[in-house]
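Good morning, colleagues. Please turn to the structure on the screen, and I shall begin with its strands before moving to its aromatic rings.

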Amino acid sequence: MPESPVTARRASGILLHPTSLPGPGIGGVGEEAHRFVDWLRAAGQSLWQVLPLVPPDESGSPYNGLSAMAGNTLLLSPALLADDGLLEADEVPCPDGLPGDCLELREVARWKDRLLRRAHGAYRAGWAPALRRAFAGYRDAQGDWLRDYALFRALREHHGGAPWTEWDAPLRRRDPAALARAAADLEDEVERHAFGQFLFDRQWGALRAYARAAGVRLMGDVPIFVAHDSADVWAHPELFELDGDGRPTVVSGVPPDYFSATGQRWGNPLYRWDEMARTGYRWWTERFRRTLEHVDLARIDHFRGFEAYWEVPAEEPTALRGEWRPGPGEALFAAVERELGPLPLVAEDLGIITPEVEALREALGFPGMRVLQFGYGDADPASPHRPENHPRNAVAYTGTHDNDTALGWWRTAPEAARAALGGDGGDVHWRMIERALASPAAVAILPLQDVLGLGSEARMNTPGTVEGNWEWRFREGDLTPELAGRLRELTRASGRA
């Protein structure tokens, strides 16, 4: 089994999406993110794991983004736009009415859209002339995906936010003449969306450099599937299982599991793996290349789907009536590695894992995931999620973004789980943190909610639901020097500092 660059040394870090940072209206990549890197360093942490950085859908889900390649411009820092000469100082403050502890996506989206329009208008008017050469170079370097994405977003706006399957037939079917007319008619809007991506990469790149200088690596997240209403599916319909009108014939999901008795019908279109293979998995190579422009390593969501995936007929309301279908297996990753070299990836191998999935992960050398909540929620002391059973080539979590917080989980956990952890529950989050850090797994990741000792009100996502997810934010002042000191001492004691 090849050595993974992820687990070359013992390390630990924090799971926190940038939207959960404090800041005006929404967390972002400006001062609040740089302060968080400072706190990570003070706490002895060398990893910062984020969720997908893509532009989310209207529900805020980063796992159902409008593009697998683009960045989320809601994370742009108004202060950094002003520093670049694209905004006046009085345009930076957040509008009144946006709460500090919960993300109000619609209000934030309207505000950030106004700022981006203002910044682009200033650029068109001749402000920030130093950016002109850099923006032109960016459009050339990123053109393969950027042209399609910027036109997709401009057309989506032009159609009032309607999905691409409801556009006029020539645009749905990507008639070259219709696309050329649209690009000319919407030239300003197309450039604005390309400019937004340039600004996102500029600000995120500065944050990544700051983190690297502080000894903190960034860890990203690659969902296996993409949204149907996305630039990816519109631009490459031949790579997906679609009918003549562009609608999915089969969709993604998982059979009944820990999270749902009827399974989860995710609804993403499924790939035509035969067509992907015919192109040498070019789309996947470019997707991983783009991801690794933003982060140092990444988690592959739903890794088991690369060995076999659950195919659900599109007309089915739940995921109960599906069937397993073979995935691309090792061939996909071999093709990507030929282009990009050894891949610093973590396999999310949770759920129904077969020996075949384990064999694929081991052949690739990717570390898997171990979740303490699953280990202590299982009465079996041989559970692979119990820390004493963790292998070295793994990443140990107290919980993931899909789990309740440690304290919230404890409050409804069976008595056997409580007995295995001991104590009265008041400091259960620290007991789980200590055990995750002491795990033989080379890497340990702690959701910030567990470090803060928060309950279910701070849960990031509840699988199978739409409302109330992706909204949690921590408050200014939560990350104290005392908290950093306690975590630093535990990290040192576990050999991870």
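In which sense do strand β3 and β6 pair, and over how many bridges? This is a predicted model, and in it β3, residues 217-222, pairs with β6 in the parallel sense over four bridges. Within that pairing, methionine 219 has leucine 297 of β6 as its bridge partner.

Let us consider the side chains of β6. In a regular strand, side chains alternate between the two faces of the sheet. In β6, Leu297 and Arg299 lie on one side, Ala298 and Ile300 lie on the other, and all of them are buried, so that both faces are covered.

I turn now to the rings. The structure holds 34 aromatic pairs. One of them joins phenylalanine 303 to phenylalanine 333, in a tilted arrangement with 6.1 Å from centre to centre and 40° between the planes. Because phenylalanine 303 lies in the loop between β6 and β7 and phenylalanine 333 in helix α12, this pair ties together parts that are 30 residues apart in sequence. Both of these phenylalanines are buried. They also belong to a cluster linked by ring pairs, whose members include Phe225, Trp266, Tyr271 and Phe366.

Finally, two arginines deserve mention. The charged end of arginine 174 sits over the ring of tryptophan 234, 4.4 Å from its centre. Likewise, arginine 431 places its charged end over the ring of tryptophan 410, 5.5 Å from the centre.

Notes
Residues numbered from 1 in each chain as written. Predicted model: local features only at pLDDT ≥ 70, side-chain atom pairs only at ≥ 80, totals over all residues. Heavy atoms only, no water. Phe/Tyr/Trp six-rings, centres within 6.5 Å; stacked < 30°, edge-to-face > 60°. Helix = DSSP H or I, 4+ residues; strand = E, 2+ residues; numbered from the N terminus. Buried < 20%, exposed > 50% of the residue type's maximum accessible area, 1.4 Å probe, protein only. Lys NZ or Arg CZ within 6 Å of the ring centre and 35° of its normal. Pairing = 2+ DSSP bridges.
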